[in-house]
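Colleague: I am new to this model and would like to go through how its parts are arranged. Let us take one question at a time.

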Amino acid sequence: MEAFEKKAYLNRLFDKYRNLLTDKQVSYFEYYFYDDYSLQEIADILNVSRNAVHDQLKKVESHLFDYEEKLRLLAKADQRQALINEIKSSKDLALLDDLGKLDE
């Protein structure tokens, strides 16, 4: 996965699972991915080491991937949207059954 693709994917995971993270983890993620601060800038803001920031970001990333692996909310949302788009374009109402089965 390219760096840009990974960042976009992590942002989408964060949107789905942010409520499962601690306030501290949310802060680190937002500083780095939303505000585009460097590790050193975040370390200075939070009065921690650069390594501590790096470790926290890796933990957040790991948690996000774990949550998606277990809950699959993002994958199901993508499947749901693909089916909705297909239903709209084909007008095939039989696909509604597939849509209903996604949450089974």
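Colleague: How are α2 and α3 oriented to each other?

Modeller: This is a predicted model, in which local features need pLDDT of at least 70 and side-chain atom pairs count only at pLDDT 80 or more, while totals for chains, interfaces and linings use all residues. Residues are numbered from 1 along each chain as its sequence is written, and side-chain values use heavy atoms, with hydrogens and water left out. The axes (lines fitted to C-alpha atoms over the stretch in contact, with angles from 0 to 180 degrees between N-to-C directions) of helix α2, residues 23-34, and helix α3, residues 39-46, come within 10 Å and cross at roughly 140 degrees. Angles under 35 degrees count as roughly parallel, over 145 as roughly antiparallel, 65 to 115 as roughly perpendicular and the rest as oblique, and α2 and α3 are therefore oblique.

Colleague: How many nonpolar residues does the contact of α2 with α3 have?

Modeller: From α2, the contact (heavy atoms within 4.5 Å) is made by Tyr-28, Tyr-31 and Tyr-32, and from α3 by Leu-39, Ile-42, Ile-45 and Leu-46. Ala, Val, Leu, Ile, Met, Phe, Trp, Tyr, Cys and Pro count as nonpolar, Asp, Glu, Lys and Arg as charged, and the others, Gly among them, as polar. With no polar and no charged residues, the number of nonpolar ones in this contact is seven.

Colleague: What is the orientation of α3 to α4?

Modeller: Helices here are DSSP runs (H or I, at least four residues) numbered from the N terminus. The axes of α3 and α4 come within 8 Å and cross at roughly 105 degrees. That angle makes the orientation of α3 to α4 roughly perpendicular.

Colleague: How many charged residues does the contact of α3 with α4 have?

Modeller: Here Leu-39, Gln-40, Ile-42 and Ala-43 of α3 meet Arg-50, Val-53, His-54 and Leu-57 of α4. By class, five are nonpolar and two are polar, and the number of charged residues is one.

Colleague: Which residues of α5 does α1 meet?

Modeller: The axes of α1 and helix α5, residues 73-90, come within 9 Å and cross at roughly 100 degrees, which makes α1 roughly perpendicular to α5. Their contact has six nonpolar, no polar and three charged residues. On the α1 side are Tyr-9, Arg-12, Leu-13, Lys-16 and Tyr-17, and the residues that they meet in α5 are Leu-73, Leu-74, Ala-77 and Asp-78.

Definitions and conventions. Helices (H or I, at least four residues) and strands (E, at least two) are DSSP runs, numbered from the N terminus.
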